[in-house]
Amino acid sequence: GLVELNWYQYRTPNTSFKKELIDKIDGFNVDLYPAEDTELAYRLARMGVRFFFGEKIKSLHHHPMDLNAYLNRGTVYGQAVAVWYAINPELGRFLAFRYGVYAKELPLFKKVLKFVRTIYVNRFTLPLIVLLGKSVRNKWFKLSHRLYQCAYRYKIRRSFKEAIRHV
């Protein structure tokens, strides 16, 4: 069956819209790559568009990349989220929670958690985190994956912080 989704759950594989609808909102905002699909859904939802997911439809959306490309993608995401935040400041809290960036709209306890995180994950500890992830990859895949995610999220936060100053 079909399951209705919120706009922030939307993904572009196996999607169809009438061209007129996409033209009406000027299509994807290419300045927001790779977050352009979620931002497109936000603008469509503001127009009253509803989103549905067909549970029986299978889609493979795979982006093969090595570790450096993966971490660089985090950097690009952070930059895109900074642009999105500048365009839609009303989404500050949502973007902060969704992408793990710092925004003044966060509740105090989240701001404290973000500060504590910077003590453990920063530009000095990042090489060690990545090295540890590489060294345990074959024995403890889940731990390695978690360490890589930690590095990826750091890249998002760092690039967001740098980019938000210039938008």
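Trainee: At what angle do helix α6 and helix α7 pack against each other?
Mentor: Helix α6 covers residues 126-135 and helix α7 covers residues 141-164. Axes here are lines fitted to C-alpha atoms, for helices over the stretch in contact, with angles from 0 to 180 degrees between N-to-C directions. The two axes lie 8 Å apart, and the packing angle is about 150°.

Trainee: Before we go on, what kind of model is this, and how are residues numbered?
Mentor: It is a predicted model, in which local features need pLDDT of at least 70, side-chain atom pairs count only at pLDDT 80 or more, and totals for chains, interfaces and linings use all residues. Side-chain values use heavy atoms, without hydrogens and water, and residues are numbered along each chain as its sequence is written, from 1.

Trainee: Which residues of α7 make the contact with α6?
Mentor: Contact means heavy atoms within 4.5 Å. On the α6 side, the residues are L126, I129, V130, L132, G133 and K134. Their partners in α7 are S144, L147, Y148, C150, A151, Y154 and K155.

Trainee: How many of the residues of α2 are buried?
Mentor: A residue is buried under 20% relative accessible area and exposed over 50%, with partly exposed in between (1.4 Å probe, protein chains only). In the protein chain, buried residues make up 37% of the 167 residues. Helix α2 is largely enclosed by the rest of the structure, because its buried residues number nine of the eleven.

Trainee: Which elements do the buried residues of α2 pack against?
Mentor: Helix α2 spans residues 36-46. Its buried residues are E36, D37, T38, E39, L40, A41, Y42, R43 and L44. They pack against α1, β2, α3 and α4.

Trainee: Which residues of the largest nonpolar core touch the most other members?
Mentor: A nonpolar core is a set of buried Ala, Val, Leu, Ile, Met, Phe, Trp, Tyr and Cys residues joined through side-chain atoms within 4.5 Å. The largest one has 40 residues, and those touching the most other members are W7, L44, F51, W84, L95, Y99 and V101.

Trainee: At what angle do α3 and α7 cross?
Mentor: Residues of α3 that meet α7 include L67, Y70, L71 and R73, and those they meet in α7 include Y148, Q149 and A151. The axes of α3 and α7 come within 7 Å, and they cross at roughly 35°.

Trainee: Is S159 buried or exposed?
Mentor: S159 lies in helix α7. Not counting residues up to four places away in sequence, S159 touches G74, T75, G78 and Q79. Its relative accessible area is 5%, so S159 is buried.

Trainee: What is the phi of D26 near?
Mentor: D26 lies in the loop between α1 and α2. At 69% relative accessibility, D26 counts as exposed. The phi of D26 is positive in a residue other than glycine, and it is near 65°.

Trainee: How many Å separate the C-alpha atoms of K58 and P13?
Mentor: K58 sits in the loop between β2 (51-54) and α3 (67-87). K58 counts as exposed, at 69% relative accessibility. P13 and K58 are 45 residues apart along the chain, and their C-alpha atoms are separated by 9.7 Å.

Notes: Helices (H or I, at least four residues) and strands (E, at least two) are DSSP runs, numbered from the N terminus.
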